[in-house]
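Subject: Handing over the structure

Hi there,

Here is the structure I promised to pass on to you. Have a look at it first, and then read on for what turned up.

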2 protein chains.
Amino acid sequence: MDIQLKRGLLEVCVLAAIKSEDSYGYKIIKDMKPYIPLSESTLYTILKRLESANMLTVRTAEHDGRLRKYYHITGAGQKRIEDFKNQWNEILSIYQFVTKEDERNG
Amino acid sequence: MDIQLKRGLLEVCVLAAIKSEDSYGYKIIKDMKPYIPLSESTLYTILKRLESANMLTVRTAEHDGRLRKYYHITGAGQKRIEDFKNQWNEILSIYQFVTKEDERNG
DNA sequence: GCATTATACCTCGTGTTATGATGTATTTCA
DNA sequence: TGAAATACATCATAACACGAGGTATAATGC
C-alpha cells in the first residue's frame, strides 16, 4: 500500500482495532496486518498521539508475568471513526474523478 | 477533508486533472476544487515532484499575453493512476474493517 | 483615472508524521 | 543454550501540505 495513502487510514484503523474490545500493542499489529501492516514504532507513535487527543485511555495489566498496556476507545475516538465514515462519500467522488473515462485514450 | 487522508489522494488527483487534456496550474486548482481544494503552494510542490518522477512533462505557451505552463501526463503518470485503481480493493477492505459491526455497542 | 479582483506563476519555513534503527526484558521452544 | 516470540519504548530522519510572502498582467467596477 502506498505510504501516503496509508497516512489517512492508519489512525482510524488503530481505533477500529480497539473499538469492539480493549486491545494492546502487539495484538493490534497482528489484527491490522491483513489490512495495513505497520511497524511497532509507527503504532506506538500513533497510540501516543491518540492518547494525547483523548481518543483512547490506557490501563496497565499483568498477563502471564508480563505487563500489557490495554487501550480503550473513548467517545472522541468513536467520533473520529464516525467522521471517517462521513468522509467516505467524498473519497468515493474523488475515486470517480480519478477513474472517469479518459477521452484522450478511451 | 482530513489532511492525512488528502495526502494519498492529492498526487493522483493532479494526474487525473491532466489525463484527458493538458492543463495548467490555475485551471488544475479550479478543476480539483469540488473534489479536493488545494492551495497554490501545495499544487506547485506536487507538480515539481511529479515532473522529477517523470510522471508529467511541461511546456510553456503564451495565452492572451500571459505565459502558461501546460502539463502533459506521461506513461509513468498513467501507470500511477492504474496503481491507484489497483489499490482500491485494499482501501475497500480497510473501510470494511473500520466500519464493521461493533459488538461492544452494536 | 484608480482600485480591486482574477489570472498565473514561484519560494521558503514550519509542523506533522511514518519508519528504520536501536534498546530493554520476559517466556517459550528446539 | 540460543533463537524466536511476546511486549514495551525512544530517537533521528525524510517526506510532505500549507501558510505567508513575492512578482506580474488583464479585467472589472466605481
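The contact between the two chains (heavy atoms within 4.5 Å) takes 44 residues from chain B and 44 residues from chain A. Please keep in mind that this is a predicted model, where local features need pLDDT of at least 70 and side-chain atom pairs count only at pLDDT 80 or more, while totals for chains, interfaces and linings use all residues. Residues are numbered from 1 along each chain as its sequence is written, chains are lettered from A in the order in which they are written, and side-chain values use heavy atoms, leaving out hydrogens and water.

About 4,000 Å² is buried between chain B and chain A, with carbon and sulfur atoms giving 64% of that; buried area is the accessible area (1.4 Å probe) that two parts lose on being put together, summed over both. On the side of chain B that touches chain A, the elements giving two or more residues are H1 (3-19), H2 (25-32), E3 (66-73) and H4 (75-99) of chain B. Helices (H or I, at least four residues) and strands (E, at least two) are DSSP runs, numbered from the N terminus. H4(B) gives the largest share, 16 residues.

One joins Lys27(A) to Asp31(A), with the closest N and O atoms 3.0 Å apart. Both residues lie in helix H2 of chain A, four residues apart, about one turn of the helix.

Now to a helix pair within chain A. The axes of H1(A) (residues 3-19) and H3(A) (residues 40-52) come within 10 Å and cross at roughly 80°. Axes are lines fitted to C-alpha atoms, for helices over the stretch in contact, and angles run from 0 to 180 degrees between N-to-C directions. H1(A) is therefore roughly perpendicular to H3(A) (angles of 65 to 115 degrees). Among the residues that meet here are Leu10(A) and Val14(A) in H1(A), and Ile46(A) and Leu50(A) in H3(A).

Best wishes

Terms used
Angles under 35 degrees count as roughly parallel, over 145 as roughly antiparallel, 65 to 115 as roughly perpendicular and the rest as oblique. A salt bridge is a side-chain nitrogen of Lys or Arg within 4 Å of a carboxyl oxygen of Asp or Glu.
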